[in-house]
Each structure stands twice: as structure tokens, then as C-alpha cells.
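Subject: Structure for you to look at

Hello,

Here is the structure I said I would send.

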Amino acid sequence: MLKLLRLMKNEFIKLSLKLSTWIMVIIILAICVAYSVGCYTMVKNSNSYSSYNSLTGYEYEIEYLRDTKQDGWERQVEELQFLIDNKVFDGWRAMATHEMFELKTDSMDKATTEKINIIKKSIENSDWKMYYQFKIDDNNSIYSSSSDREVQNWRYKYSLDNEIEPIVGEWKSDVIDELAVAKISVQRMEESPNTITGEAGKQYNELKESIKINEYRLENDIKYSVKDIELSFIMGGPSTFDVWVMLGMGVQLISTIGLIVIIIAGGIVASEFSSGTIKFLLINPVKRGKILASKYAVVVSVSFLLLLLMYLVFTVMGGLLSGFENIGASNLSVINGKVVEIPGFLYMAKTYLLGSINMIVMATLAFTVSSLMRSSAIAIGVSMFAMMGGSIIDMILKEVLRVDWGRYLIFSNIDIVNISQGNSLYEGQTQGFAIAVLAVHMVIFWLTAWDGFVRREV
Amino acid sequence: MPKSVLKVENLNKHFGRRQILHDISFETYAGEVFGFLGPNGAGKTTTIKIAVGLLSLDEGDIKINGISIKKDFEGAIAQVGGIVENPELYKYMSGMQNLKQYARMRTGIDQKRIDEVIELVGLKNRINDRVGKYSLGMRQRLGVAQALLHRPKLLVLDEPTNGLDPAGIKGLRDILKDLAHKEQISVLVSSHLMSEMELMCDRVGIIMNGKLVDVKSVEELISSVSGEFVTYKLKVDNATKAISLIDNVNDDNKKIIDETHIEVLIEKENADNVVSNIAHKLITNGIKLSMLCPAENKKLEDVFMEITKNGGVQIA
């Protein structure tokens with residue numbers, strides 16, 4: 001063991017004395033910093049886009065309606081004018097305004113007129129309590145069953161009881177909104193239990209979990225919870241920017257480290273052959289297996305050191321760009337029906353480790369080819385191809401050749417983050433399945449590298 | 001009886017279907033420089049690579065200080081230091097950093113020992129320079145330093161004089177002789193430069209086509225070929241007259257080279273008497289004798305050519 005550590009120290013010294021290593025580290029740092037600034041700008045820009053529903057937006061819409069004169073345009077103009085006059089842009093007042101104009105018809109009965117008056121008054125006076133009380137009364141007259149009444153009125157009752165004014169962007173009011181919507185959806189689904197299967201079943205479970213988590217937040221007064229970010233450029237990015245959003249978006253950049261780790265793994269054995277130093281390495285009283293193991297251990301450690309470096313850069317950059325106030329936040333997950341708080345950095349570390357599996361597998365492939373072929377160029381080439389072109393091969397097998405055994409290939413299982421989010425190419429390809437397939441591949445890589453290196457005639 | 005350090009026993013090695021080594025067996029002892037001589041492709045480097053653990057062996061065994069390389073690889077190799085082919089060390093490191101790398105892979109080497117070895121090979125002034133800037137001679141010295149770090153019982157050098165200038169060769173030769181004769185290390189040196197071997201080695205093993213042809217001390221080897229006779233050269237004013245006057249030598253053993261030169265083969269045993277008789281006879285008969293001397297001894301080079309000729313060598 002001590003010998004292995006000394007061998008690893010040797011390998012670290014070799015890497016650290018090579019200029020190329022430091023150039024790669026600097027490139028990673030630069031990419032991380034640039035990516036942080038890029039993410040920050042993107043989130044800020046996408047938020048300014050949502051302020052379209054502002055005063056000028058309303059005026060633009062009125063103009064458009066007047067030009068086109070669609071059916072019922074006068075009513076819509078009237079509604080927009082009301083929004084402008086009362087400076088209503090979002091939140092409950094926007095909802096109430098919409099409701100009010102829905103009620104307005106040419107032949108209104110007395111009760112409807114009464115309702116409209118109440119709503120109008122509450123909007124004009126910004127009296128949310130009045131509006132919420134009205135909603136409770138109104139729901140009680142619409143729904144006959146007590147369970148329906150309870151679900152529909154929950155939002156209003158909870159806000160009134162706890163004196164939580166509904167303001168967009170205030171976390172409590174946002175959580176209440178989310179909860180209310182989820183509760184209503186769950187109740188709808190439960191009305192026809194036989195439809196809760198497959199995709200709908202998954203959605204149902206997710207809703208139940210989100211209800212549990214949000215109730216826990218309200219009970220325990222937890223303003224912020226750390227979440228994964230599913231970055232989709234079609235759906236738009238996250239709405240706010242902070243340290244955790246930065247870290248969540250940063251997961252996408254792990255493959256950049258992967259490229260550098262492949263270069264290191266591809267060279268660490270082959271370079272000894274190409275420079276002739278392998279002879280001086282192997283005439284030492286150390287079994288070849290140990291030398292190989294020390295080199296592999298260094299590749300893996302360097303991978304994780306770079307990952308840690310990246311994690312730290314994103315934390316610091318996220319903090320510098322948006323402040324560090326949420327740094328102590330936790331993630332809330334439902335485990336065995338109970339809400340569990342996991343410190344944010346631990347939770348994110350888990351996400352990063354999951355994201356690094358891809359990189360480690362590819363580095364192992366490069367390492368194996370490197371110790372078999374004595375050529376770092378071939379090793380790096382093969383691994384890069386596997387990393388970039390693998391998904392194409394995968395697609396061809398699945399969609400063109402239509403073979404099912406593609407699921408057992410390394411390419412179909414390498415994107416473990418996507419698979420764990422449920423986006424797998426093959427049906428029934430779970431995270432566990434993918435990890436098992438990758439583990440089998442890793443063992444084959446190790447044995448091949450070991451056999452090739454130990455028996456190699458130098 | 002000197003102590004046996006390297007013992008090669010019935011070594012066989014194949015590359016694919018081609019047999020490279022046939023039943024090689026020999027021993028080297030503490031305190032001697034053993035030369036491993038043979039033309040290119042004879043199997044010198046293959047044997048050496050097996051002895052330092054770079055190649056596996058098919059049959060037979062190698063014991064270093066009594067430890068079998070098959071049974072206890074790490075234990076056996078811990079007794080060996082070596083340079084195989086060129087001294088290719090890490091060019092981007094300094095000489096010192098290189099030595100520290102190797103020190104970490106072996107046991108019981110402290111900074112004092114490293115300094116000692118640097119002093120021994122005479123690299124003290126340049127040890128902190130990058131190896132990339134070293135001359136071949138300096139790299140060879142650093143290679144030797146690397147090989148000596150862990151106080152090996154056996155030092156193996158493959159073609160160590162390749163590419164060195166005469167001064168470098170002399171320097172290396174002195175270091176190796178000192179190590180063997182003073183420190184009682186067994187030194188194994190391979191080469192195809194016979195003249196070099198003659199100056200450096202105590203004993204020589206000749207290998208050809210993967211077979212060990214002969215193992216002898218350098219003197220033994222030379223005399224074994226030249227036999228019981230010594231050639232003497234004479235310079236006279238009249239060769240024809242002079243040769244007829246030499247009557248104490250068989251006619252077969254004397255010949256005229258040209259008008260003034262004669263060569264005579266004289267039995268070693270009685271050489272002094274025969275030579276003085278010849279001189280006396282020629283001078284008293286009025287021949288002007290201006291030179292009478294033994295021809296130069298046969299060199300290892302000639303011995304080697306002769307042995308390989310007799311063995312019907314065909315260099316592949």
C-alpha cells in the first residue's frame with residue numbers, strides 16, 4: 001500500500017512537471033469562468049423577456065386588437081384598459097381581473113353583477129383578503145362535496161389563516177400557489193384511479209412528492225431548497241440565478257473535464273513507451289500490476305480533483321455574480337414517504353459524481369487502449385470517438401437497424417444523468433441497469449489493460 | 001571460489017515460432033566484469049532484458065543472488081540495477097528529480113545515498129539541470145547512477161559504450177572496473193565492440209544465434225586460439241640467405257614475406273633459446289639483422305572472428 005502511494009506520488013510529479021498539464025488546467029478554469037458569466041447573462045436575459053406583460057405590452061396588444069378587429073375585440077380591449085388603469089401586471093389581481101371579465105356578459109343577472117362588483121372593488125383597493133373571502137364563498141356555492149370544497153378553498157383559507165399576502169416572487173405565496181395547483185391535480189387524478197398508470201402514474205407520484213415537500217417547507221419555514229436543473233433551451237432556463245442554479249447548470253460542463261481526463265489517461269502509459277522511459281520504469285523491483293494500478297489511480301484522482309476544482313469555481317463564480325445568501329440551503333427529498341433534508345453541497349456533490357461516471361468510464365477506455373497500443377493518439381482518438389460518436393451509433397442501432405441488444409452497449413448507458421432523469425433510449429432502461437452495464441464494461445477494460453500491460457514484452 | 005551473483009540456467013525464449021535463445025547457461029561472479037559478446041541479433045539484449053525483468057522467459061530460470069526471478073520477482077529484481085539500450089530518462093525533469101523518481105520505487109534510499117551516487121558518476125555540477133540538456137555521455141552517467149542507487153549486487157549494462165566519445169568510454173570503463181574490483185559488484189556488460197570488451201572485461205561469454213558458444217577469461221580466450229606458437233618478425237638485408245641459415249625451426253614454420261622480411265613460428269615453451277640462437281647464427285654469418293620481435297598478440301577481435309567462423313555463423 002505504501003509502495004502504491006509512492007508510485008502515485010511519482011506519477012503526480014510527472015504530470016505536474018509537464019507544461020501541457022497546466023495549460024489544460026488553465027483552459028478548464030477559463031472555460032468554467034466564461035460559462036458562469038454566460039449562464040448568468042442567459043438567466044438575466046430570459047427574465048427580462050418575461051416582463052413583456054408590462055404596460056407597453058398591454059398597449060401594444062390593444063393596438064394589435066384594434067387593427068385586426070377579431071371577434072370580441074372590444075371586450076379584450078376593455079379588459080386590457082382595466083389592467084392598465086389599475087396597474088395590474090401579475091399575481092392574484094391579474095387572475096381576478098380575468099375572472100371578472102369572464103363573468104361579464106350582455107345579460108347578467110343580479111348575483112353576477114354583485115360578484116363583479118366585489119371583485120372589482122377588491123382589485124381597485126388591492127384588498128386580497130376581500131377577494132379570497134369572496135372566492136371561498138363562491139366555491140362553497142359551486143362545489144357540493146366537502147372534499148372538493150376543501151381542495152378548492154385550501155389556498156384561500158391557508159393564506160387568510162396565516163396572513164400570507166399573495167405576491168409573485170415571495171417564496172411563501174409561490175409555494176402556496178404551487179401546492180394549490182398540485183392538490184387540485186391530484187384530486188382530479190384520484191377521481192379516476194384506473195388511469196393512474198405508466199406516464200400518468202409517474203406524474204402522479206411526482207405531484208404527491210412535491211406536495212409533501214412544499215408542505216414541509218411551509219411548516220418549517222424553509223425559504224430555499226436546492227434542486228437539480230433540467231437545462232432545456234426550448235423550455236428556457238431557470239428563472240433566478242444563484243450559487244445552486246450555477247452549480248446545477250454546471251453539470252453540463254463535466255464532459256469538458258472528460259476530454260482533458262481522456263488526454264491524460266491516453267498518455268499516461270503510452271508516453272512512457274514513446275519516450276523509451278518504460279524500460280527504466282519496469283526494471284524496478286515493483287510488479288507491473290502495481291505500476292499500472294498506480295497510474296490508473298492517478299487518472300481517477302486527477303479526474304476528481306478537476307471535478308472539485310470545477311465545483312469550487314462554479315460556487316465562487318455563482319456567489320460573486322449573485323451573492324452567497326443561499327449557500328447554506330438544503331435539498332428536500334422524499335425518501336420512504338418522509339421528507340429528508342440533505343445539505344445542498346452534499347446533494348450537488350451527488351449530482352456531480354453521477355455526472356462524472358461518464359468521464360471515468362471514458363478515461364478507463366482511453367487508459368486501456370493506451371496500455372495496449374502504446375500510442376496515446378490512438379487511445380485519445382478511440383475514446384473521443386466513443387464519447388462523441390457513441391450516441392450516433394446508438395441511434396443507428398435503435399432506429400435504423402432496430403436491434404434490441406443495443407441496450408447492452410456502453411454507448412446506450414453512458415449518459416447516466418439523462419437516464420436517471422428517465423430519458424433513456426430503450427424501454428425499461430433504468431439507472432440500475434445502466435450502472436450494471438457500465439460496471440461490466442469497466443471490469444473488461446481493467447482486465448484487458450492489466451493483461452496487456454503485465455504480459456507485454458518491452 | 002568467488003561468489004556467484006547471476007546464475008542463468010537453461011534459458012529458452014521464443015518470439016512467436018522463432019527460437020531466440022537456446023539453452024543459455026552461465027554464471028557471473030562478485031567482483032568481476034563479465035562481457036557478453038556477440039554480433040547484432042545474437043540474443044544479447046534478449047538475455048539481458050530477461051535478467052532485468054523486461055521480458056518473460058519461456059523455460060529455465062534466472063537466479064540473482066540466489067533468488068529466482070520466477071518465484072520472487074520483486075526480491076530478485078531488487079538485487080539488479082541496469083541500463084537497457086539507451087539511457088532514456090525523463091527529459092523534462094532534472095537529473096536529481098529523475099533519481100528521486102527511482103529512489104521512491106526502491107527501498108532504503110535516502111538523500112545521502114543519492115548524493116553519494118551522483119558524486120561517484122561525476123555529475124555533481126549538472127545534477128539540477130534538465131536531462132533534456134544533457135549530452136549522451138552525461139545521460140549514460142545518470143543511467144549508471146540510477147542503476148546503482150539501491151546498491152545492487154548485479155549491474156547490467158546493455159551496449160553501454162554506444163554513441164560515447166573516447167573520453168566518455170574511458171570514464172565509463174573506469175567507473176565499471178572500480179565498481180567490480182573495489183565494491184565487489186558483479187557487472188554484466190554486453191557489446192559487439194570486441195576491442196572495448198578486451199579493455200573492460202575479466203571474462204567473456206560469446207553468444208551466437210542464440211547459443212552460448214564459449215565462456216572464458218580474456219587471456220584464456222586469446223591463447224586458446226593462438227596455440228603453442230608465437231610469430232616472430234625479422235628484418236634482414238638478404239631474406240633468402242638468412243632463411244637458409246635458420247636451421248633450428250621446421251621448414252613449415254618459416255617463410256619469406258619479401259626481400260627483407262621473414263616470419264618465423266616459434267614454440268612458446270623454448271622460445272627464448274630458439275630466438276637467441278637465430279640471432280647469433282645470422283649475425284655471425286654476416287647478415288645484417290635490424291629487427292627481431294614477436295608479432296602483436298591476437299586481439300579479442302580476431303579471436304571472435306575466428307570463433308564465429310568456426311561456428312559457421314550466419315548473421316540473420
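How many residues does the contact take from chain B, and how many from chain A? Please bear in mind that this is a predicted model, not an experimental one. The contact takes 23 residues from chain B, while chain A gives 20 residues. On the side of chain B that touches chain A, helix H2 (73-77) and helix H3 (95-105) of chain B each supply at least two residues. The largest share of that side comes from H3(B), with four residues.

Confidence in chain A

The mean pLDDT of chain A is 87, and 97% of the residues in chain A reach 70 or more. Among the elements of chain A, helix H15 (residues 288-322) has the highest mean pLDDT, 95. The lowest, 78, belongs to helix H19 (residues 416-420) of chain A.

Chain B as a whole

Chain B has 11 helices and 14 strands. The radius of gyration of chain B is 25 Å, whereas the globule rule gives 20 Å for 316 residues, so chain B is more spread out than a compact globule. The C-alpha atoms of chain B fill a box of roughly 80 × 50 × 40 Å along the principal axes.

Of the 316 residues in chain B, 39% are buried. Counting the contacts in chain B with a separation of 6 or more, 71% are between residues 24 or more positions apart. Gly41(B) and Asn209(B) make a pair that you can find by eye: they are 168 residues apart in sequence, but their C-alpha atoms are 7.4 Å apart in space. Gly41(B) lies in the loop between strand E3 (33-37) and helix H1 (44-51) of chain B. It is partly exposed, because 15 other C-beta atoms lie within 10 Å.

A helix and some backbone angles

Helix H10 (residues 271-284) of chain B has 14 residues and reaches 20 Å from its first C-alpha to its last, close to the 20 Å expected at 1.5 Å a residue. After H10(B) comes Gly286(B), with a positive phi near 80°.

Positive phi also turns up at residues other than glycine. One of them is Lys69(A), with phi near 50°, in the loop between helix H3 (55-68) and helix H4 (73-85) of chain A. Another is Glu159(B), with a phi of about 50°, in the loop between strand E7 (154-158) and helix H6 (166-183) of chain B.

Is Lys69(A) buried or exposed? Lys69(A) counts as exposed, because it has 8 C-beta neighbours inside 10 Å and the limit for exposed is 12 or fewer. Glu159(B) is buried, because 21 other C-beta atoms lie within 10 Å and 20 or more are enough for that label.

Regards

Note on methods:
Residues numbered from 1 in each chain as written. Chains lettered and ligands numbered in written order. Predicted model: local features only at pLDDT ≥ 70, side-chain atom pairs only at ≥ 80, totals over all residues. pLDDT = per-residue confidence, 0-100. Expected span 1.5 Å × (residues − 1). Contact = placed C-beta atoms within 7 Å. Rg over C-alpha atoms; globule rule 2.2 N^0.38 Å.
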